[in-house]
Amino acid sequence: MQLTVVDHPIARARLSRMRDERTDNAAFRAALRELTQILVYEASRDLAVAEEPITTPVTDTTGYRLAAPPLIVPVLRAGLGMADTAHGMLPESQMGFVGLARNEVTFQPEAYMASLPESLVGRQVFVLDPMLATGGSLVHCCSLLTDRGCSDITVLCALAAPEGLERLEASGLPLRVFTASVDERLNENAYIVPGLGDAGDRQFGAV
Ligand code: URA
């Protein structure tokens with residue numbers, strides 16, 4: 001697993017707004033969108049480009065397009081707040097969706113939705129989930145991708161806990177992680193500390 005902590009003044013400022021308990025749902029969503037722009041920008045730095053001839057109003061020259069736009073996969077519900085922004089920056093990309101819920105008997109994450117291409121062989125995937133806490137659901141989500149042959153997964157999250165990063169590392173999955181911060185730890189309720197609370201509730205309200 002390759003970890004990149006995106007340390008940028010704008011990322012720090014937006015993340016601080018998200019952390020602040022006084023930030024309302026609308027302002028939280030706006031800050032997450034702006035932070036997502038920075039994460040996508042950094043994570044897409046190495047995307048392959050293909051040359052194509054173009055003509056400017058002045059002359060012929062060489063233009064570029066993304067050779068293989070990544071599949072974007074938000075993890076429901078909290079990843080939805082990152083999806084539009086990521087798609088706006090990568091309009092050539094397709095989008096899949098993964099919905100995960102905890103099985104109340106086994107306490108393990110289970111997919112109630114996996115809207116994904118049948119085969120992901122040779123495709124790069126950007127997984128969007130603002131919070132990497134225990135890592136359990138992200139490992140499950142990424143396993144759904146590798147089960148379909150994916151060998152190039154990039155996880156974009158606002159915040160990560162050391163415990164979650166260790167779990168992803170131990171999974172041996174082919175991962176890169178981009179986050180704006182690695183926080184201190186998880187508390188006894190598996191919330192990230194200092195964190196920002198429940199990223200789904202902070203965006204959409206506690207329903
Ligand atoms: N999910 C959240 O939304 N917040 C946390 O702190 C941990 C998991």
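## Helix packing: H2 with H3

The crossing of H2 and H3 is right-handed, meaning that the near helix is turned clockwise from the far one by less than a right angle. The model is predicted: local features need pLDDT of at least 70, side-chain atom pairs count only at pLDDT 80 or more, and totals for chains, interfaces and linings use all residues. Residues are numbered from 1 along each chain as its sequence is written. Helices (H or I, at least four residues) and strands (E, at least two) are DSSP runs, numbered from the N terminus.

The axes of H2 and H3 cross at roughly 40° and come within 9 Å, where axes are lines fitted to C-alpha atoms, for helices over the stretch in contact, and angles run from 0 to 180 degrees between N-to-C directions. H2 is therefore oblique to H3 (angles under 35 degrees count as roughly parallel, over 145 as roughly antiparallel, 65 to 115 as roughly perpendicular and the rest as oblique). H2 contributes Arg29, Leu32, Arg33, Thr36, Gln37 and Val40 to the contact, and H3 contributes Gly81, Met82, Thr85, Ala86 and Met89; two residues are in contact if their C-beta atoms, placed from the backbone, lie within 7 Å. By class, five of these residues are nonpolar, four polar and two charged (Ala, Val, Leu, Ile, Met, Phe, Trp, Tyr, Cys and Pro count as nonpolar, Asp, Glu, Lys and Arg as charged, and the others, Gly among them, as polar).

## Helix packing: H1 with H2

Helix H1 (residues 9-19) packs against helix H2 (residues 25-43) at an angle of about 155°, and their axes are 9 Å apart. The two helices are therefore roughly antiparallel to each other. H1 passes H2 in a left-handed crossing.

On the H1 side, the contact is made by Ile10, Ala11, Arg14, Leu15, Arg17 and Met18; on the H2 side, by Ala27, Phe28, Ala31, Leu32, Glu34, Leu35 and Ile38. This contact of H1 with H2 has ten nonpolar and three charged residues, and no polar ones.

## Backbone geometry

Most residues other than glycine have a negative phi, and most peptide bonds are trans. Leu76 and Arg77 are joined by a cis peptide bond with omega of about 5°; Arg77 lies in the loop between strand E4 (71-76) and helix H3 (80-89).

A cis bond also runs from Val193 to Pro194, with omega near 0°. Pro194 is in the loop between strand E12 (192-193) and helix H6 (199-204). Ala190, a residue other than glycine, has a positive phi near 65° and is placed in the loop between strand E11 (185-186) and E12.

## Ligand surroundings

The ligand is surrounded by Ala78, Met131, Ala133, Ala190, Tyr191, Ile192, Gly195, Asp198, Ala199 and Gly200, a residue being near a molecule if its C-beta atom, placed from the backbone, lies within 6 Å of it. This shell divides into seven nonpolar, two polar and one charged residue.
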